[in-house]
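Here is a short note for someone opening this entry for the first time. Please read the points with the structure in view.

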Amino acid sequence: EMFDTLKQLAEEKKALDAKMREAGEKAVREALKELFAAHPEIKRVRWEQYTQFFNDGDPCEFSVHEVGADLGEEGAGDYEDGFVGSYSLSETNPTAGKALKDLNAVIEGMEDTMKAAFGDHSQITATPEEITVETYEHD
């Protein structure tokens, strides 16, 4: 057939995308498992990842945003949502703050994997037991 090579490439890409999604999610789960084991004071972590809608004329690119940690303190957090960013956490718990910064550095450097694993316009919340992905609305 005339388009067999193109069809084959499309099928291979689909298979690779599925493999990247599975491998990416597994790698993030392992990293979070280590984080929660080393820092039991961290009850949940959360981050958003999305492609901007507007960027002052520059290309809009997908990015992963800062991971926040919930220490289980009601009314706490940078925005009173219970989640503290890595820099704020570093002030009260330097060891956990460094771990969160390290996690940020890793996942912010693997945007393609994070997008494949958890999608665009997503808010990811993880506990030691599960990862929840919700649609994230942003400006």
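1. Start with the terms for exposure. Buried means under 20% relative accessible area, exposed means over 50%, and partly exposed lies in between, with a 1.4 Å probe and protein chains only. Helices (H or I, at least four residues) and strands (E, at least two) are DSSP runs, numbered from the N terminus.

2. Now the basis. This is a predicted model, where local features need pLDDT of at least 70, side-chain atom pairs count only at pLDDT 80 or more, and totals for chains, interfaces and linings use all residues. Residues are numbered from 1 along each chain as its sequence is written, and side-chain values use heavy atoms, with hydrogens and water left out.

3. The chain has four helices and six strands. Their order along the sequence is α-β-β-β-β-α-α-α-β-β. The C-alpha trace spans about 65 × 40 × 20 Å along its principal axes.

4. Of the 139 residues in the chain, 35% are buried. Take contacts (heavy atoms within 4.5 Å) with a separation of 6 or more: 53% of them join residues 24 or more positions apart. The chain exposes about 9,100 Å², by the Shrake-Rupley method with a 1.4 Å probe. Carbon and sulfur atoms supply 50% of that area.

5. Look at helix α3, residues 94-108. The expected span is 1.5 Å times one less than the number of residues. For the 15 residues of α3 that gives 21 Å, and the end C-alpha atoms are 21 Å apart, so the two agree.

6. Which residues of α3 are buried? They are Ala96, Gly97, Ala99, Leu100, Leu103, Asn104 and Ile107. Seen down the axis, the buried residues of α3 fall within an arc of 160 degrees, so they line one face of the helix. The arc is taken from the directions from the helix axis to the C-beta atoms. An α-helix has 3.6 residues a turn, so residues three or four places apart point the same way. On the other side of α3, Pro94, Thr95 and Ala105 are exposed.

7. Next, helix α4, which holds Thr113. Is Thr113 buried or exposed? Thr113 counts as buried, at 16% relative accessibility. Leaving aside residues up to four places away in sequence, Thr113 touches Met20 and Gly24.

8. His121 sits in the loop between α4 (111-118) and β5 (122-126). His121 is not a glycine, yet it has a positive phi of about 55 degrees. With a relative accessible area of 22%, His121 is partly exposed.
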